[in-house]
Structures are given as structure tokens and as C-alpha cells.
Amino acid sequence: MSQFNSLRFLDIFKGLFFKMGIDYNVMRSILKVKLMMDRRRIPSILNESKIDEEKNYFLRSLGIYALYGLILIPFLLFGDHAFIQMSLIFGVLFFILITTMIADFSSTMLDINDRHILHTKPVSNRTITAAKTIHMVIYLLMIIVALTTIPIVFMLINRGILFVMLFIVEMIALSVFLIVFTALIYFLILRFLDGERLKDVINYVQIILSVAIFVGFQVLVRLFDFSSFEFIYEYSWWHLLIPPLWFAAPFELVLSGNTSWSINLLSLLSIGIPVIALVIYIKMMPAFERYLEKMREVSTDKKKRVIWDDFCSKLLCRTKKERTFFRFSSIMISRERDFRLKVYPGLGIAMFLPFLILFNEYRASSFEELRNSNYFMSIYLCGLVLVTSIQMLKYSNNYKGAWIFTMSPHAEKRLFSAAIKTVLLKLYLPVFLLVSFAYIWIFSIEILPDLMAVFLGHIISALIIFKAIHDTKYPFTVPFNTVQEGNSFKMFFLTLTPGLFFVVHLIFQSFTLGIYIYLVILLCTVVIYWNRLFRISLPVA
């Protein structure tokens, strides 16, 4: 096995680990195996369709993170307002790192597979816990180094050594906070839930965190007034709940000499909260490891959705075979946790973006002006959920069971037809209806024909997207770790598909009764295109 520089650095603190009651030699051996195995794991930031055991995928991903680090440099050009600059920089870093923690390190934090081996050996729980924690810290620090190396060089040239030293200290504090914050959330979930319900809730927490970080960054940007190129910050009590402000405050305190009580309080939180959280984390780790045993339990309390799925299948599907496939697709989408983790955050963001557009317009005008505008057309942003949802239809953790599809000849068209209907009903429609009801309240019932046109346009968009990316005979037959390589530009342009209908919609709005003519055209197109795409004939039974 090759040597790791991170382990050689860790050897310096060997005595400290022994004093803490940790068998350092055993911990080092565990870490060495984990680091070796992680070389083959494909980080979520990479899209690899083939796994090559000779490649170090993590090191390749660090190059991508280094490019992401270039995003931070423009924020350093906002004059001499260190607090505003660093608030935005820490906001970006917080967003990137927490999503990385959720996507790549949640499985590490909640992993219990190594217990089958380690618990049969004379290895203490404290040693196992220390190995798991340091494993996460090593990789998080490597990602942080990749993200911040180029910005740090820029800071050193333009701001000096004191600025860089302060940034490094705050990044260490941020790293501790992120690991402990994620662990504490999972600890609370593990404390009160068990079995399958526990795994479902953990999945939903990961989704909520992804959406919350996105929304939080939008809030962070709007804390500052950038009008007339004047940077103004006004403190409010709820700013204490926004971590990027904590880590930016010491720059204002040390470099700008701002000793106001609000800056002092935020600066104190930047060090105090990570330290307190770390102490709590160390104390709770034995209990956390015990609660992880619940991940083995299988819940007997299964959710009853059969009646609703049967009703929807009879309403939307014309043959018995398609109804069966509809219920199958509904079960797969509901139970595949990796599917939910990849798709559901997009649902939340697509639900939030239309209201963000309205909020920006409302800030610049009055509510009455907003009601009389065409900003209800921002509901087209709900169509952003379609590309990822339809792309993920071909993936499954249970792909090895795909042989069952061969038992039903000529079923592939019906399978995908039912799967698309399931996506539209269970993923897209709830988002669209929620936004539509809010928009009808804001803009009045008169926009109903426009909303119907948007809905039909999104159905056609879904069919176009399916046609463009369909490259498997059956859905749910490809493992999740084989996302197609080199499809980024294609997926980007497919994401713009609903925008084409937005432009056509505007054209038909420009003349009398145009929206009703457009509705008839869309309805005919949906019926004809759907039947031709899936070659559906009239049902026999």
C-alpha cells in the first residue's frame, strides 16, 4: 500500500492520541485502508461513466474544486469592505462545503459496514470513532486547500499576511463547525427514530439542507445594500443565525477596527460556537455510535399508498399493463433514496425560484404594479425539475433486477410512458400546483389560461427531454454511480427547453384570443406527440 502524506503529518501527534485513550497504531491502519478505498470512490462533483481502478478520482476532483475557487476572487475586488467581501466568500464556501458534506461524507459518517470486521477485533469504540472523524477531516481539509489556494495567493498579494492568517484561522473554525453541525443533525435524528423511517428522514434532512443552503445564500446577498455602489450593512438580531456573518466579522474587527457590539458578538460566535460544538461532539460520539446500530433495523411499518396509486393509474393509464408499470414506477421513485437525494433538492429550488423573481420585482415596485405585470410567467422556472427527474429515471440501486422486464415482451414503450406520467404526477405537478395557487392569489384567476398553457408546454418539454436522453431499453436499469460522461452541455441546453415555450407564449399573448389558440395547439401537440413517441394504439381492454 502506498504511503499518504496526511498520515505522515498525523504521526507528529501520535503521543497526543495515546494520551486521549486512542490506539494510534490501530487507528492509523484503519485510516490507511479507508484512504486507499476512497481513491476508487467517485466524488459527486465528477460525472464518470466508467470506473478505472488505476485512477485516483478524489485527486481529480480536487482540480474541479480549484476551479470553483476562482469564483471567490471577484468578491475580493469590492473595494475595502472586508466584512461584506468575506461574508459573501464564506457564504459561497459554506454552500460548496455543506453540499459536499451531504453528498460525499454522509455515507462515511453513517457507515456501519466496517463494524462486521472491526468489532470482531480488540479495537475500542473510541479508536473507531477517531478514525472515522479524522477520515472526514483529512478529506474536508484537502477540499478546502484546493478551493482556497488560488484565492489565498491573491489575498497575500493584495491584502497582506495578516489577512491571510486570519482567513486560515476562520477556515479551520468553519471546517470544525461544518463537521459538527452535520453530525449533530444526524445525532438528533438517530436519537428519536429507527429502522426504515430513520433512513427516510435522514434522506429528507439531506434534501432540506441542500435547499436551505441555497435559500440562505440568497438571503445573505440581500443583507447588504449595493445601490449607488455604496456598501451598507445594518445589523438585525436574526443575523446571529447566519454562520457566514460570524466568520466574516473578525475581519471587520481586526482589519477595520470596528469595535461595535454587533461585530464583537459575531466575532465571538465565530470561535465560540465551533469550540462549544466540538466539545459536544466529543461527548456525544459514544452515544452516536450506539445509535448507528439502528441503521441495521428493518421497520415493519410500511407506508400505504396502494389506494392512491391505483386511483391515479386508472385515471391516467388506458391499459392494464401500463397501469401495472405506473404503480411499479411510483414505488421505485418513492423508495429509491439515491433518486430522492439527487432529484428532490431540485424540486425545492424550482419551487423557490419563481417567488425569488417576484420578491426582487416587489422590492423595486409596489404590490399593485406587480399584480398588473406579466411576472406570473416566472412559473416557467418550475420546468427546471424536468431534466434531472427524467434523466434519473434510468438509474436504480436495484438495477440487477432488470431481467424481470424481459418477461413482458414489447414493454419498454409502456414502461417509459408510465414512468414519465409518474414523474409528472408525483414530482412536477405538486411543485406546479403549489406555485400556481400562490400566483392565482397574487395575480387573480385571470391568469388561469396562461397557467394551463405553461402546464401543457412543460409536458411537451418532458417528452422532448426524454427523446433527447433516452438511451436505455428499460427504466431503472443503470447503477447510480455510472452517470454519463460528457453530457453537461447537452443537459444544459435541454434545461432551456421550457424557455422556448416561454418565448412562444409571449408571442401568442400579444394578440387577441392568442392564448386560447395557443392552448388548442399545445393540447393537440401533447396528444399527437405522446402517442407517436410511445406508439400507443387504442386500448383493447
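**A pocket lining, a buried histidine and the cysteines**

At least two residues of the lining of the second largest pocket are supplied by each of helix 1 (5-10), helix 2 (14-19), helix 7 (125-158), helix 8 (161-192) and helix 11 (261-291), where helices are DSSP runs of H or I with at least four residues, numbered from the N terminus. The model is a predicted one, in which local features need pLDDT of at least 70 and side-chain atom pairs count only at pLDDT 80 or more, while totals for chains, interfaces and linings use all residues. Residues are numbered from 1 along each chain as its sequence is written, and side-chain values use heavy atoms, with hydrogens and water left out.

Helix 7 provides the largest share of this lining, 10 residues. The lining divides into 22 nonpolar, five polar and two charged residues, with Ala, Val, Leu, Ile, Met, Phe, Trp, Tyr, Cys and Pro counted as nonpolar, Asp, Glu, Lys and Arg as charged, and the others, Gly among them, as polar.

Histidine 505, which lies in helix 20 (residues 497-509), counts as buried because its relative accessibility is 0%; buried means under 20% relative accessible area, exposed over 50%, and partly exposed in between (1.4 Å probe, protein chains only). Contacts of histidine 505, defined by heavy atoms within 4.5 Å, include Met377, Tyr380 and Asp450, when residues up to four places away in sequence are not counted.

Cysteine 382 is likewise buried, at 0% relative accessibility, whereas cysteine 524, at 41%, is partly exposed. The structure holds zero disulfides, a disulfide being a pair of cysteine sulfur atoms within 2.5 Å.
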